[in-house]
Amino acid sequence: SMIINFSAQTSSNSLQNTIEGRLEKRSKGVFAPSGGKKMVVYVDDFNMPQKSVFGFMPPLELLKLWVDNGFWYDREKQEVKTIKDIQLMASMAPPGGGRNAFSQRIMSVFSVLNMTNPSDQQLHRIYSTLLNDKLSQFDDSIKPLGDPITKATIELYFNIAEELLPTPAKSHYLFNTRDLAKVIQGTMQATRQYYDSRETMLQLWVHECFRIFGDRMWDMNDKAWLKKQLDQKLNQNLMSGWDALFGEADKFPFYGECPPFVSFLRSNAEHPPYEIVTDTKKLKDMLTEKLEDYAMEPGYSAMDLVLFKDALLHVCRIHRVLMQPRGNALLVGVGGSGRKSLARLATYVADLKCFSIEITKNYRQTEFREDLKSLFRQAGVADKPTVFLFDETQIVVETFLEDINNVLTSGEVPNLFSKDELGGVCEDVRASAKKDGVKADTQDQLYAYFLSRVIRNLHIVLCMSPIGEGFRERCRMFPGLVNCCTIDW
């Protein structure tokens, strides 16, 4: 199988090169998947490519040419290339936002299935099953919370999706069931020995709701509305309230806000717990010490940071994302607001390697792909947990973002490695695969193992500025930036 994610920058040329990269020559002018196998090509976000001047989408027309006739043309020699043993499968969201409507001619080559959104009952069954299983080992006061927490989360999600619609100024207010899953995933970070009362469990749930939904809000009225909604859900479903959980000023010195939860306060513990911060001085002292340690590391330059309240909170938020599986962050703020410095500090606190690119005068797509190869080798071959820190000032050409969108959505960049390089990468991971007990006899199995390590070890932190139309356009053109990242404004 082969997974391709379309974006607004996808061209028919890049699509053809991507598919041909997985084919081999069978006879003159005939190409098919290697090893005599058949291949399913799955295309996601099928209606994302931009329309041409004449109103059609070139990548889709290329696929229709192949489906109708079984061939397309070699772009250099202008000869017919017959493509065999491939099946096409595609998915898309309804037109709207960055997604375009396309002609019935394209639709006619597919058998169309409409996937309806899951009902409240289906969502409740999925997530309550996970949460109840997790809480089954906890104290008797916490065990019954699985169903009411799930119900409150689903109600909150639907309220937010209906009320906080995207506008030109709030183009990133795009909520989907991924956000719902992230809240439940965050709540499941509770550990039995440190969560021994209803209050601590509910504080964790409120915190996760604020991290997933509240951190993307820049309008203080929206944050106040979210706080009011959470208070209502606590009263209706969980027999509690905001003031009952966070009202004690001496215990929670965050000015009436939800205190952060972190997993680095007990660094000497074998499995540090994900726990609430009740002492701001202790948090500040610890991060100041880490900042001094960072400056002493060879190859790192000292960062002159003042860790005031907001800086402390942002470091905690970034660290939280980096500690989650497949955790990626989108940091939104004006230039000079400390996004990259705080991200580097959070990366150091999390014991991860920080990887970033250096832009030179002639830095283009080829050089960017070479840097991505180094990044993939570091995460997949060397098995080092790595953070890729990417700033919008480094976007020399917009196709950089298409590659990053691919990494965010599927975990790989199509045709990143040539066939010769691919053989070398697969040989490099063969010993590790054998050691881990993974069946990896063929090159495809070795490459799948390599990608699984990349997905496990690689975290992407993007730094964007909300000023101007660039941020809005990129959110529209590359859906993975919003869908696959936790946003921190």
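Modeller: This is a predicted model, in which local features need pLDDT of at least 70, side-chain atom pairs count only at pLDDT 80 or more, and totals for chains, interfaces and linings use all residues. Residues are numbered from 1 along each chain as its sequence is written, and side-chain values use heavy atoms, with hydrogens and water left out.

Biologist: At what N to O distance do the side chains of Asp-45 and Arg-99 meet?

Modeller: The two side chains form a salt bridge, that is, a side-chain nitrogen of Lys or Arg within 4 Å of a carboxyl oxygen of Asp or Glu. For Asp-45 and Arg-99, the N to O distance is 3.1 Å.

Biologist: How many residues apart are Asp-45 and Arg-99?

Modeller: Helices (H or I, at least four residues) and strands (E, at least two) are DSSP runs, numbered from the N terminus. Asp-45 is in the loop between strand 4 (39-44) and helix 2 (58-69), and Arg-99 is in the loop between strand 7 (86-90) and helix 3 (104-107). The pair thus links distant parts of the chain, 54 residues apart.

Biologist: Does Asp-45 count as buried or exposed?

Modeller: Buried means under 20% relative accessible area, exposed over 50%, and partly exposed in between (1.4 Å probe, protein chains only). Because its relative accessibility is 10%, Asp-45 counts as buried.

Biologist: Which residues are linked with Asp-215 in a network of salt bridges?

Modeller: Asp-215 meets Arg-211 in a salt bridge of 2.8 Å, N to O. Asp-215 also meets Arg-317, at 3.5 Å. Arg-317 lies in helix 11 and Asp-215 in the loop between helix 7 (198-212) and helix 8 (220-237), so this pair ties together parts that are 102 residues apart in sequence. The residues linked with Asp-215 in the network are Arg-211, Arg-317 and Asp-488.

Biologist: With which side chains does the side chain of Asn-5 make polar contacts?

Modeller: Asn-5 is found in strand 1 (residues 2-5) and counts as buried because its relative accessibility is 6%. A polar contact is a pair of N or O atoms within 3.5 Å; within protein, one must be able to donate a hydrogen and the other to accept it, and residues adjacent in sequence count only if both atoms are side-chain atoms. At 3.2 Å and 3.4 Å respectively, the partners of Asn-5 include Thr-409 and Ser-410.

Biologist: How many salt bridges does a search of the whole structure find?

Modeller: The bridge between Arg-211 and Asp-215 is one example. A search of the whole structure gives a total of 26.
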